[in-house]
Amino acid sequence: MTFLEENRHLLEEKRDTLKEWFTRKRAEVPIPIYGSVDIRDSGWKACVVDANHFPAGFNNVSADEEPRLSQLLKEHIIRRHENCEWVHLYPESHTRNQAYVENVKVLTRLIELAGFRVTVGSPELAGHGSLDGITGPLKLVDAVVEGDSLMIDGKKPCLILLNNDLTEGIVPGLESQQTSPPVEMGWHRRRKSEHYSVLKEYVDEVCEIIGIEPWRLTTEWFVSEDKCLDEDECRIKLAAEVEDFIRNIKERYVKHGIEREPVVFIKNDRGTYGLGILTIRSGDELLELSNRKMKKLSYGKGRTVNENFLIQEGVPTQFNDDGPIEPVVYLIDGEAASWFYRINSKKSDIDNLNSPSAIFQRRDQMPEWLTKDAEGWHALVAELSMLAMGREMQVRS
């Protein structure tokens, strides 16, 4: 039996205390309208390894979870945007990505079920009329910038719901309107390390309540700044930092009797879609990387150049006959409301699973032994991550 299995009873014993703690903390920060997290569960720890303000996988949620998702969207919009009747969804410009288009279609349906008028479009998509999704076309409207506002047929929406991560900067016409999430949370400004810094504070508090070591619910990490990886000097410095970090993880493994060789993920400190992620087992391995792989690390979405890198403890994840699996949790208004699972038969249990060979399965398609922690450890760390996102929003707004 693993550490998490042995100690699951602690969550039930502290359920009332944790509920009171979450109620108090949620009242202190603006909770995001939505978000998603990737979780790794090794048995000895479960933690969020990526947190996204602009989730793009609503096409993977189960149909029987949609009513709950829709209700939470309604409650959030009514509470935060009084008298809102019209929500305009501002998507990415992935005109050829049918899975992404299907994500927007499902999100549109959820907002409509919540009782709001919904339109979809952006200046970048003007003139397209529609985009092809997996189940059919997504209707678009022409959105144009007039002065400092985004307008549709000469009228201003009550609320703009961003499903665009703004990696390449703020789009004109968004800053002067009610926008959720706020434009300040786009990847042009946000940093992964900021999230983990805030998350650590919340994890520390919760682990004190539960009575476990915070390391069990979070990854170790640090940021290596100003590394121009085209130059040997920068690569050598980064490799030395990585080697020291791996040595510290190895000491932790020895302390807890974990018989694994440590691995670290090197990520862009900003960015999304799994771009710019490398799995490294030693500083020497980093120095031996080909120029092609080094460029993969140095460039993110939209060919943005990265010089700050998040070095994160690699956490093995659960495995079944189909390959390694990691839970993906979708949250609305701070609550863990939908689960699905990323499976990648081409990868090992320590690799980054976010690649073209990954498939997604809903919770009801998975064996019970894999989903039993959906309302336990996984929900806990996911909802802590939403609190951290709220704190980020509070600081930036």
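Axes are lines fitted to C-alpha atoms, for helices over the stretch in contact, and angles run from 0 to 180 degrees between N-to-C directions. The structure is a predicted model, in which local features need pLDDT of at least 70 and side-chain atom pairs count only at pLDDT 80 or more, while totals for chains, interfaces and linings use all residues. Residues are numbered from 1 along each chain as its sequence is written, and side-chain values use heavy atoms, with hydrogens and water left out.

**View 1. Helix H3 crosses helix H6.** Helices (H or I, at least four residues) and strands (E, at least two) are DSSP runs, numbered from the N terminus. The axes of helix H3 (residues 15-26) and helix H6 (residues 192-210) come within 10 Å and cross at roughly 155°. That makes H3 roughly antiparallel to H6, a term for angles over 145 degrees. The crossing of H3 and H6 is right-handed, meaning that the near helix is turned clockwise from the far one by less than a right angle.

**View 2. Residues where H3 meets H6.** In contact, that is, with heavy atoms within 4.5 Å, are Thr 17, Leu 18, Trp 21 and Lys 25 of H3 and Tyr 202, Glu 205, Val 206, Ile 209 and Ile 210 of H6. The residues of this contact comprise six nonpolar, one polar and two charged; Ala, Val, Leu, Ile, Met, Phe, Trp, Tyr, Cys and Pro count as nonpolar, Asp, Glu, Lys and Arg as charged, and the others, Gly among them, as polar.

**View 3. An open sheet with parallel pairing.** Four strands follow the order S4-S3-S9-S10, where two strands pair if DSSP finds at least two bridges between them. Strand S4 (117-120) and strand S10 (179-180) stand at the edges, each with a single partner strand, so one side of each has no neighbour in the sheet. Strand S9 (residues 159-163) runs parallel to S10 and is joined to S10 by two bridges, and Ile 160 has Thr 179 in S10 as its bridge partner. Helix H5 (residues 98-113) lies across strand S3 (86-91), S4 and S9, and runs at about 170° to S3.

**View 4. An open sheet with antiparallel pairing.** Here the order of the four strands is S11-S14-S12-S13. Strand S11 (221-224) and strand S13 (277-280) are at the edges with a single partner strand each, so one side of each is left without a neighbour in the sheet. Four bridges pair S11 with strand S14 (residues 309-313) in the antiparallel sense, and the bridge partner of Phe 222 in S14 is Ile 311. Helix H7 (residues 232-256) packs on the sheet, touching S11, strand S12 (264-268), S13 and S14, and its direction makes about 20° with that of S14.

Definitions and conventions: Parallel < 35°, antiparallel > 145°, perpendicular 65-115°, else oblique.
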